[in-house]
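Student: I want to see how the labels follow from the numbers. Could we take them one by one?

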Amino acid sequence: MEHAVHQGRHVEEVDFSGVNKDSGNSSQPSVRWGTRRGKRNLSTKGSGFRGSGPASAAHLQDGGRLEETRPGRSRSSGDGTVRAVAAARLARAAPTAPGTALHAEGGRLPLPGGDTEIDWKAYMAEVEGVINGTYDYTQLRGDTGPLVYPAGFVYIFMGLYYATGRGTDIRMAQHIFAVLYLATLLLVFLIYHQTCKVPPFVFFFMCCASYRVHSIFVLRLFNDPVAMVLLFLSINLLLAQRWSWGCCCFSLAVSVKMNVLLFAPGLLFLLLRQFGLRGALPKLGICAVLQVVLGLPFLLENPVGYVSRSFDLGRQFLFRWTVNWRFLPEALFLHRAFHLALLTAHLTLLLLFALCRWHRTGESILSLLKDPSKRKFPLQPLTPNHIL
């Protein structure tokens, strides 16, 4: 069915901006219309305006058949059914229209299953703030709160931001994390292999036993896997006596997530035992310099804000996210005394391990500060089991 077109004639443009869902007649829903003046394009078919509205709308043809054409005014201004059908089709198409923003207010991340997203959307929003030119850490936020991870996290997830089409290609992100998962397994297997205490068939069960590991990698897309793969790479380098490269990778892991610092006492002990205080300082310097270089853009903008946010030792964790302490009452989990008790127990155990297990030469533990050649007992080679 063709429409007569008159060049220069003023017509009304239909605005499909809403459908009255409370209409009493469900088969004839009423449509809220808006009009504005405009000129019709010079064409022999269709009735749309140049550059107005979505690319298609339903138009009723002879015999009751629907045909896709550009939106515009129907020949019969009183045909509410045609307009209602067009509005309904546009409403259904709107959520999946190309270019829908990932971070639109009220939007939902299109992860498989629709309910596995926790932090990915927040990661992308935080990284997007840096891309847009914000280097003040106190101004960078996501849906779950302020940015609380060091600069290495920003750079790595900035790469993921671009690799996944600004965070919208979730399937690509899951494929990347699947490769990361396989790399982590390989690094862990290499570590266990060097201890010569784990039979090879155990590795198969390690791949299948941890549902939580699978969830953290592919389903949740957390930053923990990125930090841990760098840590396991660091441990492999230390086992190969590549101390400088091992310290470099350890510092990179810390720059992704601060919880890797829990391994720092063990690394410090190994460095002191192997090199003494003077020999360990250059290795520790590698760790420190790398942190400064990575965080330099943010340190220049707001040094206090960067350090206080990315290395906040007093941050309060929410009970809803705990796994290991789920059996405790929430009030006890959030109590400050409980936090201090955990810290005290951790430091006490570290001291006991350093005195009773790690250092068994018969000398004072302060002898670790001396050059290895000046110690009473000659330095024994470090074995993989001792390092681990």
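Student: At what angle do α4 and α7 pack, and how far apart are their axes?

Tutor: The angle is about 30°, and the axes of α4 and α7 lie 9 Å apart. Axes are lines fitted to C-alpha atoms, for helices over the stretch in contact, with angles from 0 to 180 degrees between N-to-C directions. This is a predicted model: local features need pLDDT of at least 70, side-chain atom pairs count only at pLDDT 80 or more, and totals for chains, interfaces and linings use all residues. Residues are numbered from 1 along each chain as its sequence is written, and side-chain values use heavy atoms, without hydrogens and water.

Student: Why is α4 called roughly parallel to α7?

Tutor: Angles under 35 degrees count as roughly parallel, over 145 as roughly antiparallel, 65 to 115 as roughly perpendicular and the rest as oblique. The α4/α7 angle is about 30°, so α4 is roughly parallel to α7.

Student: What makes up the α4–α7 contact by class?

Tutor: It has 14 nonpolar, 3 polar and no charged residues. Nonpolar means Ala, Val, Leu, Ile, Met, Phe, Trp, Tyr, Cys and Pro; charged means Asp, Glu, Lys and Arg; the others, Gly among them, are polar.

Student: Why is α8 called oblique to α9?

Tutor: The axes of α8 (residues 243-256) and α9 (residues 264-301) cross at roughly 50° and come within 8 Å. That angle makes α8 oblique to α9.

Student: Which classes do the residues of the α8–α9 contact fall into?

Tutor: They divide into 15 nonpolar, 5 polar and 1 charged.

Student: Which handedness does the α4–α7 crossing have?

Tutor: α4 passes α7 in a left-handed crossing.

Key. Helix = DSSP H or I, 4+ residues; strand = E, 2+ residues; numbered from the N terminus. Left-handed = near helix turned anticlockwise from the far one by under 90°.
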